[in-house]
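Please read the following account alongside the sequence and the three-dimensional view.

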Amino acid sequence: MDWRQLWEICSAPDNVPIVGLIPLLGFYIYLAVKQARANDQLIEQLEADPAMAKTHHRKTWPFKPGWAKEVHVWPFLLRIEFLAAIIVTIILMIWSITLNAPLEEPANPNLTMNPAKAPWYFLGLQEMLVYFDPWIAGVVMPTMIIIGLMVIPYIDTNPLGSGYYTWKQRKFSISTFMFGFVILWVAMIIIGTFIRGPGWQWFWPGQTWDHNRLIYEVNRDLPDLFGLTSNMAKAVFGGIVVVGFYLVGGGAVYSLFRRKMQKDFQRMSLLQFSLMAFLWLTMIALPLKMALRLLWHIKYVWITPWFNV
Amino acid sequence: MAEKPIPEQDPITGKSYAIHYLIATVILIGTLFWALYDEAWGQRPWKAFQDQWKDRYGAFLNTAKSSSAKSEQSVEQDPQYATLKQAYDQAYQESKTKGDESRKKLDDASARLLAVQSVFTDRRAYVNALTYELETSTSASSKASKQKEIDSYKAEQATVEFSDGSRKKFTFPQLEETYNEIRDERTKLSLELGDVLKPVTAAKAKMDDYISDHMVDLTPAQIEGLKKKTTDWDPTIVQINVAEANIVDRCESCHMGAREPLRITEAAMTSKGAKKPDEYAQAFVSHPEPELLQIHDPDKFGCSPCHQGNGRATTSVEKAHGNYEHWLWPLYPKENSQAGCQSCHSADMVLASGDVQWHTINDGKDLFRQRGCMGCHRYEGYDKEPEDLNSVGQQIKQIETQKKDDVKQAADLMKHADAAESNEEANKLNEKAIALKVANSKADGRLQQLDFQSHSLMQDQKKVGPNLKDVRLKLNKNWIPVWLKKPSDFRPTTKMPNFRLSDRQIQAISAYIWQTGFTDELPKQKPGNAAHGKELFESRGCLACHSIGEGDQMQGGVFSANLTRVGEKANYDYLVRWIHNARQRTRPYCPYEKKDIGPEDYAKKGLPYQFDLDHSRCPNDGHELQVQNMTVMPSLRLSPEDAEDIATYLMTQKKQEPSSYANAVFMDDPALKEEGKKWVRFYGCGGCHEISGMEDEGRIGTELTYEGSKPIERLDFALFTEVSQRGGKDSEPIKDKDDLARLPDGPATEPWYDHKGFFEHKLAEPNIYDQGKVKGETEALRMPNLHLTKDQVLDLTTFLLGSQETSLPQSYQYKPGDARHDIQEGWWVVKKYNCMGCHQFIPGQRTILMGLKQYQDVQEQLPPKLLTEGARVDPEWLRKFLSNPALSTTDTNRNGVRPYLKVRMPTFSFSDNELRKLVRFFEALSQQPLPYIPEEVPALTTKETDMARSLFSSTAAPCLKCHATGDATHDKIATAPNFLLAKERLKPDWVERWITDPQAVSPGTSMPSGLFKQQNNQWVFAGPTPPTFNGFEGDHRKLLTDYIFQLTAEEQRRVAASMPHARAAVQPSTNHKQAVVEAQHATNGGSR
């Protein structure tokens, strides 16, 4: 265990945000889960007692006579937000006094740094470059992420859970979000920051980042495993696999909704459902592709002259 | 939630956040102050330095002042000062009344001027503003109204209140006039006052000058000035900004003492009670070499061009020194600080300022050449000859081909012309053919030029190691593999490095070298007299370059081989030839055909088998041959018998018998030859040695001209990258005890992942970066172990650290166009031939011979000092002397100028090129103008000649007692050159200076000083003048000089015959003991 190496990565001024992010993320998930559980219990209670539901005054607190049914934003919300603003200002000031901007040497096109890393918030995207060709990882996927985020209000037909924490009422949305943000985005940033060393090789935490390290790793394409050699055959095969994934996956999503989320499903139009299913499957495809690459050294599934997937 | 009791009060409306706000606000305000502190001091650590500077330097100046006051008092005690003081007092008294009067007048005028001025400038400003409005107004009517306004304002009366209380009214024009009047009056008055006080100020200046001239340190007044400057200092960034070179250096913001006129030491700056000097004390010292700063004015050169570091950074010591990860030019460590010289002085071989030589960088540069680094590594400026020769060779080839084509074409054209149909056409073709022939004869001229060039280049081209084509003739065959195993085992000081060869490689390499060697017959030599050989070896000057004896017993120079065990390896017959003339080649080499030319090639053309510098044309193609061994070893012009004696002596130098070496039969195995060739090429042996088949091999190493500015990532630390970055007690990879001892700072404990660390480790153990790696024979690092000492590693590291691509403009490079360029070039030649082994060029420079014990009592037997050589001798004569130091073509077994010296000025057979460089070097070193126009020496009348002769031979100045006369017996005991040489050799004005005060020109000379004294602006003889001088008013010194320049051999013989001392000195002084010994030796037939 190379503690010095670990310390060097964690203490780099570049990596302060990501190092801070990990405990903060855990803390806020804990907080959200805690509140969601309380709310869920309350919802159960109110569902059992319709009379109380009419007089109940707050989202989380149990009923108490004499309490105001609602409270004003000012001062009750803003005073807390202002306190938070002060504390954040303090943190930012101390941060900017103690840590200087991590500037490096003048750029030299003849001597590039190794590993060359993007700013921490882009390391997830950079990590994606390992699994897809730049056209897919650099253009198509980010575009799909942005479009996907933009269409959420239009495909999310569930009217519940607005303004309070709940798990029961929004299981699908929350698990999708947790998967997309925590598992994919944050985890990939963590991989990019802590795991990827010189030569963008995989170093386990605590392994020395040795610039001279040599590893033996041969990557194959999926069609190669099936002995396909002609470009045409590779393209057709890959297309079948990818389309097949979406068809089979689409079927699975359909049956999931039909069986478990009947209400949501009924509220959705065909366009809303198919858009959701497509985006959701694309998101699922990313870790699948990562697993193929990392565990079975499969580089591409679908090879065409224009793009590789 | 269920477990928790529900609060009675509404927690959202009822909870108070006052305490939270209080704490958060207090912390926020705290960070605000922290931010302010950080802005003012945290990011500006130099402020703390400047505060400390004011304290410590102020205290230092106080103590300095009291000691300075004491020494000032002692100067004031001086009677000379008293006279000055008296003069000052007198002048002061004389001018007192007049001065007071005019000073009073001046004060009065000043007061009046002040009063008028304040009113005048105010009103003038108003007038000017109105005038501007007038100028810019557009309509005629408004112009007119403005004009009126101005006029009325000017006519208005203004009151001026004078300092005595009186008031007076003026209109504007009156005011202007009065103002100008008073101003002129004041100027006149102050000039008057100056005139009155002139003698006083002059006397005062004389007094002050006297004090500052007679005090070692600064005067109390000067120190007071410094103190005031220090106390008044406001913290501010001190910056040197040179726009043309993009230098912005703020170093002096902390290093406040760097340029102070007082010498400030760490101890003086350490605060009282502190045990060790802290970082402030270390920062405040003055620059250790103030003389260097005088040549390199910091206002022009800044600091970082020499020292490196980040001159702009002010936020921390680490940043400013550039010792952080991403700064490419970190401060040179103190011990390597001379590396900075290299960035501008790469063209200089020797760096000296005044009498100070910069040894670290000089030795680094010298080692790079002497140790043969340039054999493998190209470095701009080093070993240029092979490259130049190559390009000359290519040009020759090109022209030859062109010529051949032209000849063929011309023949074709002629043929066509013969067959042409019309006369006109035939003429045209003929003309073309003739044009081609003319072009060819031009090409011939160019070829001749190129051949001439290559003649010089070939002469200048030297190899660090011996010629291995001669191995069969010169070496004990069985010794070769033993030597290759580890050369430093046989000869600890050898230049030949250790290549870590395997036994197989040794066998193969020795087989290749042995089998490709010349097999020519050597003439057999008679055995000589070893005892006489030893004496010659020790007295002829061999020890200036060579050493003998090992360990403590070693004496002599390290420039060339240590000869302690030469008897084990050498072949006697070859050794004799080598000592007699090392440049003599066995066979000449033709670079054009790339082969060694033998007698058969000469025989084919019917030419005699003769090759030397005058017969250097190839019999096959007519181009220049390499006719000399490429060694710097000169010919000492020994007689064949003397050479035999020395060789016989050297053959006795051995620790074991040559026959005791194991028989190396494999060297004749033809199967090994091919493999050997591979290894000889692989290890780049041809870089230092001449080897058959390897004459045109390129350098195998990386170019080092800009090695210091290579990015650190390009330096391969291999498996030690991490280790060297982390430091600690396990970070030293070198395990070998000998190699460890080569590290200048000892085993590493700190991180050493930098250029210095890389170079030092590489030089200490060149294959260190292979440690732990699995590599094949041909992949391993090839750099051999040069068995350097600690100091040498430091020198070379410094040299390499400084080898940087500089960002400074070209004009900062030291490339003078004047005589200093000749000095630059000359040093390369001087160092190349180790001239400094025998001669002194710079005051204070020690020669190797000076250090030998045989010269301790007989200093006059040392070779002459060349400090003023350029001023002393005629450059044309010097050129002749350098090309033939015997000054004779027939009698060569002697020194041309100083036959009485046993040490011999050798014949180096310099090329014309190097001769020119050397002559110009000496002229430039003595600041002599070129070309030299000899002074006309007036012919003396008979009377004058008689007088001069009587002086020349007088008992008070018996010149011929010491100076050689050409008489063999006398010259044995002479200690000075023959006068007959003077006319051609010396510059008359130098001779005059010389005979006046030889000690000043050449300290330690045996020529007596004080022969002349000054009388009525004439130099007259200090001893009793001969009677012929009665009534002579002229300059004795000039007369004698002129006489010497007109001396003929006949005249000299006559004078010598008339002098009792001239022939064999009756009473040799103790100084001459050595000479007498040799004289006796001569009569015993020792010298044959």
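Of the 309 residues of chain A, 12% count as buried, where a buried residue has 20 or more other C-beta atoms within 10 Å of its own, an exposed one has 12 or fewer, a partly exposed one lies in between, and C-beta atoms are placed from the backbone. The model is predicted, with local features requiring pLDDT of at least 70 and side-chain atom pairs counted only at pLDDT 80 or more, whereas totals for chains, interfaces and linings use all residues. Residues are numbered from 1 along each chain as its sequence is written, while chains are lettered from A and ligands numbered from 1 in the order in which they are written.

Chain A contains twelve helices and zero strands; helices (H or I, at least four residues) and strands (E, at least two) are DSSP runs, numbered from the N terminus. The radius of gyration of chain A is 25 Å, well over the 19 Å that the globule rule gives for 309 residues, so chain A is more spread out than a compact globule. That radius is taken over C-alpha atoms, and the globule rule is 2.2 Å times the number of residues to the power 0.38. Along the principal axes, the C-alpha atoms of chain A fill a box of roughly 75 × 55 × 30 Å. Among the contacts in chain A with a separation of 6 or more, 68% join residues 24 or more positions apart; two residues are in contact if their C-beta atoms, placed from the backbone, lie within 7 Å.

Where chain A meets chain B, 26 residues of chain A are in contact with 25 residues of chain B. On the side of chain A that touches chain B, α2 (16-48) and α5 (78-98) each supply at least two residues. The helix α5(A) gives the most to that side, with nine residues.

Chain B has 45 helices and 13 strands. The C-alpha trace of chain B spans about 130 × 120 × 95 Å along its principal axes. Of the 1088 residues of chain B, 33% are buried. Residues 24 or more positions apart make up 72% of the contacts in chain B with a separation of 6 or more.

One helix of chain B to follow is α17 (residues 385-418), whose 34 residues should span 50 Å at 1.5 Å a residue; its end C-alpha atoms are 49 Å apart, which agrees. The expected span is 1.5 Å times one less than the number of residues. The buried residues of α17(B) are B:P386, B:L389, B:V392 and B:I396, and they pack against α18 (423-460) of chain B. An α-helix has 3.6 residues a turn, so residues three or four places apart point the same way.

Further along chain B, helix α33 (residues 819-832) packs with helix α36 (residues 912-925) at an angle of about 125°, with their axes 8 Å apart. Axes are lines fitted to C-alpha atoms, for helices over the stretch in contact, and angles run from 0 to 180 degrees between N-to-C directions. The angle makes α33(B) oblique to α36(B), since angles under 35 degrees count as roughly parallel, over 145 as roughly antiparallel, 65 to 115 as roughly perpendicular and the rest as oblique. Residues making the contact include B:I823 and B:V829 of α33(B) and B:L918 and B:F921 of α36(B). The buried residues of α33(B), among them B:W827 and B:W828, pack against α36 of chain B.
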